[in-house]
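Here are some notes for a colleague who is opening this entry for the first time. They are arranged as numbered points, and each can be read beside the structure.

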4 protein chains.
Amino acid sequence: MYRRELLSLGVLALLPQIRLSAQSAQDVIGDLVAGNHILANENVLDGYGHISARHPQNKDHFLLSRSIAPESVTAADIMEHDLDGAPVDAKGRAPYKERFIHSAIYRARPDVKAVVHCHTPSLIPFGVVKVPLRPMYHQSAFLAAGVPVFEIREAGGMTNMLVETPSLGAALAKTLANKPAVLMRGHGAVVVADTIPNVVGRSIYLEINARVQAQAIALGGPITYIDPEEAKKYAASDNYSRAWDLWKKKAK
Amino acid sequence: MYRRELLSLGVLALLPQIRLSAQSAQDVIGDLVAGNHILANENVLDGYGHISARHPQNKDHFLLSRSIAPESVTAADIMEHDLDGAPVDAKGRAPYKERFIHSAIYRARPDVKAVVHCHTPSLIPFGVVKVPLRPMYHQSAFLAAGVPVFEIREAGGMTNMLVETPSLGAALAKTLANKPAVLMRGHGAVVVADTIPNVVGRSIYLEINARVQAQAIALGGPITYIDPEEAKKYAASDNYSRAWDLWKKKAK
Amino acid sequence: MYRRELLSLGVLALLPQIRLSAQSAQDVIGDLVAGNHILANENVLDGYGHISARHPQNKDHFLLSRSIAPESVTAADIMEHDLDGAPVDAKGRAPYKERFIHSAIYRARPDVKAVVHCHTPSLIPFGVVKVPLRPMYHQSAFLAAGVPVFEIREAGGMTNMLVETPSLGAALAKTLANKPAVLMRGHGAVVVADTIPNVVGRSIYLEINARVQAQAIALGGPITYIDPEEAKKYAASDNYSRAWDLWKKKAK
Amino acid sequence: MYRRELLSLGVLALLPQIRLSAQSAQDVIGDLVAGNHILANENVLDGYGHISARHPQNKDHFLLSRSIAPESVTAADIMEHDLDGAPVDAKGRAPYKERFIHSAIYRARPDVKAVVHCHTPSLIPFGVVKVPLRPMYHQSAFLAAGVPVFEIREAGGMTNMLVETPSLGAALAKTLANKPAVLMRGHGAVVVADTIPNVVGRSIYLEINARVQAQAIALGGPITYIDPEEAKKYAASDNYSRAWDLWKKKAK
């Protein structure tokens with residue numbers, strides 16, 4: 001709670017480098033549980049999908065629930081994993097099959113502190129056609145960096161569509177590259193950010209962007225997207241922190 | 001409950017042949033009541049439509065509610081029917097007019113243990129145009145087998161659109177053939193599976209698939225659907241069991 | 001309640017001519033209050049729109065709430081009106097401005113016992129383009145009779161769009177003719193039926209039909225609508241009575 | 001409450017000039033808090049966006065919450081601002097960055113007593129394409145006056161998209177001119193009116209209009225919009241007061 005209050009005062013905003021590391025594992029787990037409930041309540045996740053966070057004291061570990069529906073996650077379900085995707089101390093709890101999405105991205109992207117994997121319906125169409133997701137408004141301006149599409153056939157041929165091996169995770173991370181999100185053809189998406197509130201906010205506004213971009217395309221004619229320079233300036237001026245407390249309240 | 005726990009441990013997944021028969025009629029009725037409530041809560045069914053299950057101890061009987069709204073079904077409403085669609089012991093309860101959908105399919109398809117008949121709005125368009133439903137993502141990969149459309153005019157000429165005779169039921173079962181689902185022109189759909197959780201899950205993701213496929217078509221250009229081989233591999237690796245408990249909780 | 005039970009047994013279905021007259025005014029008012037709440041809960045009505053019923057003992061009177069939001073209507077708000085749209089005993093209560101929709105239709109259509117006027121968003125597009133509403137599935141088969149569009153400019157030139165005079169009401173009733181519903185260009189729709197449950201059911205499925213018809217048109221290609229003969233046969237075999245109790249329960 | 005009752009009797013409708021000034025600041029703050037909650041509940045606002053009202057006793061001041069999510073606003077959060085956008089007595093409360101939207105409009109438009117700034121998803125498409133919003137039905141007839149689009153690049157070049165300076169506010173007010181609403185490219189919209197209930201009602205029906213206009217365009221063919229003369233006559237005959245109490249009740 002203390003950290004949240006500091007954040008709302010803008011104090012921590014001056015200290016981006018130490019954000020997560022300033023939190024205890026306890027705090028991060030609290031935010032991770034809230035993130036699970038928020039994403040379920042905002043219809044980004046249903047019975048499937050997951051959200052993780054890099055361990056605040058050990059950059060080579062990350063925190064992720066055992067394999068249950070996000071809406072049901074409690075602190076006791078959060079397991080520590082290493083960058084090979086192996087649970088550190090499973091205590092009989094079954095990990096998600098697709099934990100390699102997370103491990104591979106934390107390994108490839110030191111700047112990433114939180115990862116969401118989702119199957120949000122409005123994102124599915126953009127993964128299977130040749131129309132790139134582009135930023136419709138300031139709230140989704142981070143999309144100006146581009147959203148690549150991961151074609152699992154290129155990495156693994158005919159698969160069961162799941163990223164359930166380290167090598168498929170690495171291929172996905174390679175397609176993500178330095179972007180904020182990647183669509184997965186015939187599957188869903190992955191969103192990354194530097195904090196849990198930011199990855200939750202990005203996931204929520206990515207979903208809205210997909211809907212309104214499809215609507216704008218249906219209206220016909222050229223679309224004026226957010227310019228990369230506009231996106232860059234917006235990124236420096238705002239984050240999703242004001243909405244975080246509201247989302248938490250609504251998810252209760 | 002015990003069976004659920006075994007399922008979550010993956011034990012029963014190794015024993016697909018004995019799944020339903022391992023359950024008591026009591027357990028199946030419990031799941032059937034839950035299935036009714038879930039399908040109403042997830043907007044697959046409204047005041048109409050129904051879900052049934054083959055009797056776990058008598059493969060020539062099936063269990064189906066009396067004629068009431070799915071949301072209101074309790075264990076006392078579940079009636080046993082034979083494969084002619086006749087209630088075994090009605091006790092004054094009125095059966096659904098369209099119980100012949102179920103009886104004909106259980107007769108034609110020994111592998112089917114559960115059947116849903118629905119009028120889900122997003123499915124209606126695909127029943128009246130020449131655009132086949134195709135699998136958009138892993139969650140609806142079972143659609144790769146194909147979803148035929150039942151034109152009742154071919155079987156019965158100008159009817160009241162309802163499958164309320166054994167012969168119309170048989171014609172519908174013939175169109176369904178060995179597929180997981182069949183659309184009914186100007187009416188709705190039928191979904192089949194080997195367990196109640198699976199038929200509920202298929203019904204829910206069929207609805208989502210219809211919506212996202214329509215959206216992808218509107219975006220324009222070619223669509224990469226789930227390949228039959230991908231679908232086959234996915235089918236072997238997962239089911240909807242993880243979502244089942246969440247759906248039940250939300251339906252309460 | 002008693003009448004409902006008879007209805008569910010199919011007894012009253014054999015006696016369509018005496019349906020409403022078999023009810024007391026008290027019963028009709030109860031159904032009318034329920035109808036208001038249901039239509040608000042099912043998003044057919046918002047703060048505006050209304051539902052009325054012909055008086056069961058006086059065919060030249062009808063029952064309609066005073067001018068308040070449908071969701072807030074109680075029995076004490078229901079006022080008796082004559083076929084000129086005049087409140088019989090207003091007791092200081094303000095009538096709806098557009099009560100002439102109801103009075104004109106009850107005058108022109110002796111078969112009509114219940115009327116809904118709504119501004120349901122999904123209906124608005126079909127009132128302003130040249131695409132007629134047509135029946136997509138059995139639940140909306142009554143649309144096979146056709147849904148004319150009322151252009152108020154033809155009856156009144158440039159108006160405030162409201163049917164707030166007897167002559168505009170008469171013009172609307174003339175456009176409705178012997179049909180089950182009429183769209184009002186730039187305004188909404190009117191739905192009529194022989195019972196309150198039926199006018200509520202028709203209003204709910206009219207809304208769904210508009211949505212799914214628009215979706216089918218977007219998919220492209222020819223659409224197979226319900227044939228008039230199919231609609232006629234369906235009309236003889238069913239009504240919305242099974243859903244009525246569910247809608248009431250959900251509206252509470 | 002007293003004023004509401006007078007309004008419902010139509011008494012205050014005869015006295016438009018003194019409407020707001022007849023209210024105490026206390027009453028306006030009560031309506032402003034309700035307006036925040038209503039707009040959140042009706043999905044016009046999410047964690048962002050704001051609603052303000054001109055001070056009833058000081059036309060050079062306006063009332064606006066401190067920088068929090070609309071759903072969480074209480075009377076204690078409402079701050080008085082002057083027409084430069086400066087809080088009169090902040091007491092440590094942080095103002096919205098984009099308060100200059102409000103200050104500039106109150107300065108330019110003496111007739112405006114209430115302002116909403118929103119990012120409602122269905123409005124976003126109309127801000128980025130060349131299809132103007134036009135009035136689909138009586139409830140949104142006010143749109144007949146036209147809805148200009150504010151291109152912030154014309155006023156400020158490449159910005160962070162936010163109207164966070166007096167000069168950007170003035171440019172926005174200039175684009176709004178004497179209209180009831182203005183779209184902001186890649187951002188959202190601003191709606192103005194002469195009362196808080198009216199600006200709330202306009203915001204709600206603007207959202208519905210955007211949805212149904214997009215649907216009508218998708219149906220194809222020419223659209224008959226509300227004629228300016230029809231809009232003018234409708235404006236004289238109605239307002240959103242009947243819905244206000246319902247919206248308040250639902251937002252609780």
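1. The model is a predicted one, and the opening question can be settled from it directly. Helix α3 of chain B covers residues 99–108, and because 8 of its 10 residues are buried, it is largely enclosed by the rest of the structure.

2. The contact between chain A and chain B draws on 32 residues from chain A and 31 residues from chain B. About 2800 Å² is buried between chain A and chain B, and carbon and sulfur atoms give 60% of that area. On the chain A side, A:Y48, A:V128 and A:M158 supply 24% of the area buried against chain B, which is more than any other three residues supply.

3. Turning to specific interactions, there are 2 salt bridges between chain A and chain B. In one salt bridge, the side chain of A:R185 meets that of B:E230, with 2.8 Å from N to O. Across the interface of chain A and chain B there are also 10 residue pairs in polar contact, counted where both residues have pLDDT 80 or more.

4. Which elements give two or more residues to the side of chain A that touches chain B? They are α4 (124–128) and α7 (196–219) of chain A, and α4(A) gives the most, with 4 residues. Sorted by class, the side of chain A that touches chain B has 16 nonpolar, 10 polar and 6 charged residues.

5. Chain A also meets chain D, where 31 residues of chain A are in contact with 32 residues of chain D. The area buried between chain A and chain D is about 2800 Å², with 60% given by carbon and sulfur atoms. Within chain A, the residues that lose the most area to chain D are A:L219, A:E230 and A:R242, which together account for 29% of what that side buries.

6. For chain A and chain D, the interface holds 2 salt bridges. A:E230 takes part in a salt bridge here, its side chain meeting that of D:R185 at 2.8 Å, N to O. The count of residue pairs in polar contact between chain A and chain D is 10, with both residues at pLDDT 80 or more. At least two residues each come from α7, α8 (228–237) and α9 (241–251) of chain A on the side that touches chain D. By class, that side of chain A has 15 nonpolar, 8 polar and 8 charged residues.

7. Over all chains, a search of the whole structure finds 16 aromatic pairs. In chain C, the rings of C:Y137 and C:Y205 have centres 6.4 Å apart and planes at 65°, so the pair is edge-to-face. C:Y137 lies in the loop between α4 (124–128) and β5 (149–150) of chain C, whereas C:Y205 lies in helix α7 (residues 196–219) of chain C, so the pair ties together parts that are 68 residues apart in sequence.

8. Are these two tyrosines of chain C buried or exposed? C:Y137 is buried, with a relative accessible area of 1%, and C:Y205 is buried as well, with a relative accessible area of 0%. In chain A, ring pairs link A:Y137, A:Y205, A:Y240 and A:W247 into a cluster.

Methods: Residues are numbered from 1 along each chain as its sequence is written. Chains are lettered from A and ligands numbered from 1 in the order in which they are written. This is a predicted model: local features need pLDDT of at least 70, side-chain atom pairs count only at pLDDT 80 or more; totals for chains, interfaces and linings use all residues. Side-chain values use heavy atoms; hydrogens and water are left out. Contact means heavy atoms within 4.5 Å. Buried area is the accessible area (1.4 Å probe) that two parts lose on being put together, summed over both. A salt bridge is a side-chain nitrogen of Lys or Arg within 4 Å of a carboxyl oxygen of Asp or Glu. A polar contact is a pair of N or O atoms within 3.5 Å; within protein, one must be able to donate a hydrogen and the other to accept it, and residues adjacent in sequence count only if both atoms are side-chain atoms. Ala, Val, Leu, Ile, Met, Phe, Trp, Tyr, Cys and Pro count as nonpolar, Asp, Glu, Lys and Arg as charged, and the others, Gly among them, as polar. Rings of Phe, Tyr and Trp (its six-membered ring) pair if their centres lie within 6.5 Å; planes under 30 degrees apart count as stacked, over 60 as edge-to-face and the rest as tilted. Buried means under 20% relative accessible area, exposed over 50%, partly exposed in between (1.4 Å probe, protein chains only).
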